[in-house]
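Visitor: Hi! Could you walk me through this one? I'm new to reading structures.

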Amino acid sequence: MSGSITDGHIVVEADDTSKVQLVFNGLTLTSSDYSALYVKNADKVFVTLAKGTENKIADGSAYKANSEDSNVDSAIFSKSDLTINGSGSLTVEGSMSHAIVSKDDLKIASGTITATSVGSSICGKDSVRIADGTITVTSGGDGIKSNNDEDAEKGYIYIGGGKITVKSDTDGIQAETTFVAENAEISITSGGGSENSSKTHSESFGGWGHWDNSSTASSEDSTSAKGIKASGDIDIKSGSVTIDSADDSVHSNSNITITDGTLSVTSGDDGIHADTSLIINSGKVTITKSYEGLESSAVTINGGEVDVTASDDGINCGGGSDSSAMGGRMGQNTFTANSDVYLKITGGTVRVNSGGDGLDSNNTISIEGGTIYVDGPTDNGNAAVDYEVSATISGGTLIAVGTSGMAEAFSEDSTQASILYAFSSNHSAGEKLTLKSGTGEEILSYTAAKSFNAVNLSSADIKSGETYTLTAGSESVTIEMTSNTYSNVQGGMGMGGGMPGGGMPGGRM
């Protein structure tokens, strides 16, 4: 098919076993009052974009009445499996609602595809599968969506390659079940980006976050503007993903696993949120802006490079589903300690810069390896390390600076030694912190990014029975390790620590 039609449409109506191929060879097709390409019936339909050709499909903003096909609402609309391939280009403009819709499976094998729509742009009810190609989406609704909620084996999105750029008013990519990405370059801007968030961190005691009450986003039912969202598991295996989102950048109602690749997010709410578990095995994860950086009932970091900046908690482990996005914790998201709630770090390099708690678990924290740096809160209502039940360290290196008001030491049953020390004065950002052995050997050193008056340190080189010199700026103190866990913070053993000098103990209000 080639040439130009200014007011017409193509209808495919074959039997249930027919496989139909349409070759677009320089086609411009506009339908003013209906879907421009309508697959009414077939087994499978292939749209092949001929090499070197430019093709354009567009519909009008109002369809003529048709009771038989009243649900047709897309420039390309297929009731059968639809595959787009070839090496040419295709521009699709959806003025009625969507750009490309398949009520079965939608596959994009190759080609250069530009989809623009007033509603969701690229939709495959049973699945969306992208193998390769260059895909650019501008959407007044969700960018790419699969929404079959009747079959647990459908409603998924798989991206196995290509370059995908999405700009959407609501969710960038939304899967009813699972989402998997590998070997692809994905860039998403949703809801106008993180600058459109009304989420803030309060530096009052406890640091509860909130949405501005004047915002229309006041409940879980409000419009979602997440980067990648799935009701089931999210698995990022490799490739690169860049997200700027007004809401959570990556959100799963189940589990998230990051196996490798590069993930860079700027979020108006959580950077990465999973209701059940979040596992980072390798790769590079950078959260440059967020309300809470990593949030899940259980967070496990086994390797890779993780860099988190958050206005509230850097890493937050609690129980139950996410409701921090709308209304904060008070009265909506009461986390209770249980065995499914924990933070576990076994390897990798983790950097956290947080306005609230740096590492926060409503049950346990266990550190078995890795290198961890925390620039924690500057207010006394939060802590660089915060837990409810226990925090043990058996390996790795930890340097966590923050305030002493809610500071907590590691549990006494830790097998690696640690030091929690509250200084007699405040120290400024940029001051160097060092820990030296009794013989003057430097064991740890760090330059703080923010002001601090307390530090939590642990290293395999710190031993019980030894004496150390801790220096921050011009203040230098001697520490005698009489046990594996040293603390000069009154009430600083678990349950939220306490204010030095007899202040209020007890963690959260």
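Visitor: Where is N183 found?
Guide: N183 is in the loop between β21 (179-181) and β22 (184-190). Strands here are DSSP runs of E with at least two residues, and helices are runs of H or I with at least four, numbered from the N terminus. Before we go on: this is a predicted model, where local features need pLDDT of at least 70, side-chain atom pairs count only at pLDDT 80 or more, and totals for chains, interfaces and linings use all residues. Residues are numbered from 1 along each chain as its sequence is written, and side-chain values use heavy atoms, with hydrogens and water left out.

Visitor: Is N183 buried or exposed?
Guide: N183 is exposed, because its relative accessible area is 54%. Exposed means over 50%, buried means under 20%, and partly exposed is in between (1.4 Å probe, protein chains only). N183 also has a positive phi of about 60°, although it is not a glycine.

Visitor: OK, new topic. What about S361, buried or exposed?
Guide: S361 counts as buried, because its relative accessibility is 0%. You'll find S361 in strand β38 (residues 359-361).

Visitor: What does its side chain reach?
Guide: The side chain of S361 reaches the backbone nitrogen of N363 at 3.0 Å. Setting aside neighbours within four places in sequence, S361 is in contact (heavy atoms within 4.5 Å) with residues including C317, L343 and Y387.

Visitor: And which residues touch the most other members in the largest nonpolar core?
Guide: That core has 87 residues, and the ones touching the most other members are I144, F179, I186, I272, L294 and I315. A nonpolar core is a set of buried Ala, Val, Leu, Ile, Met, Phe, Trp, Tyr and Cys residues joined through side-chain atoms within 4.5 Å. Strand β31 (residues 272-280) gives the most to this core, with four residues.

Visitor: What does I315 touch?
Guide: Not counting residues up to four places away in sequence, I315 touches several residues, among them L294, V299, L343 and L359. There is also a second, separate core of 23 residues, which includes I399, V401, Y446 and V477.

Visitor: How many bridges join β48 to β49?
Guide: Six bridges join β48 to strand β49 (residues 475-480), and the two run antiparallel. Strand β45 (residues 432-437) pairs with strand β48 (residues 467-472) over five bridges, also in the antiparallel sense. β45 and β46 pair antiparallel over five bridges.

Visitor: Which residue stands opposite Y468 in β49?
Guide: Y468 stands opposite I479. Y468, in β48, is also the bridge partner of S437. Over in β46, E442 stands opposite K436.

Visitor: Which residue takes a positive phi in the hairpin of β48 and β49?
Guide: That's G473, with a positive phi near 60°, in a hairpin with two residues between the strands.

Visitor: Last one: how far apart are the C-alpha atoms of E54 and G88?
Guide: They are separated by 6.2 Å, although E54 and G88 are 34 residues apart along the chain. E54 lies in strand β7 (residues 54-59) and is exposed, with a relative accessible area of 68%.

Note on methods: Polar contact = N/O pair within 3.5 Å; in protein donor to acceptor, adjacent residues only side chain to side chain. Pairing = 2+ DSSP bridges.
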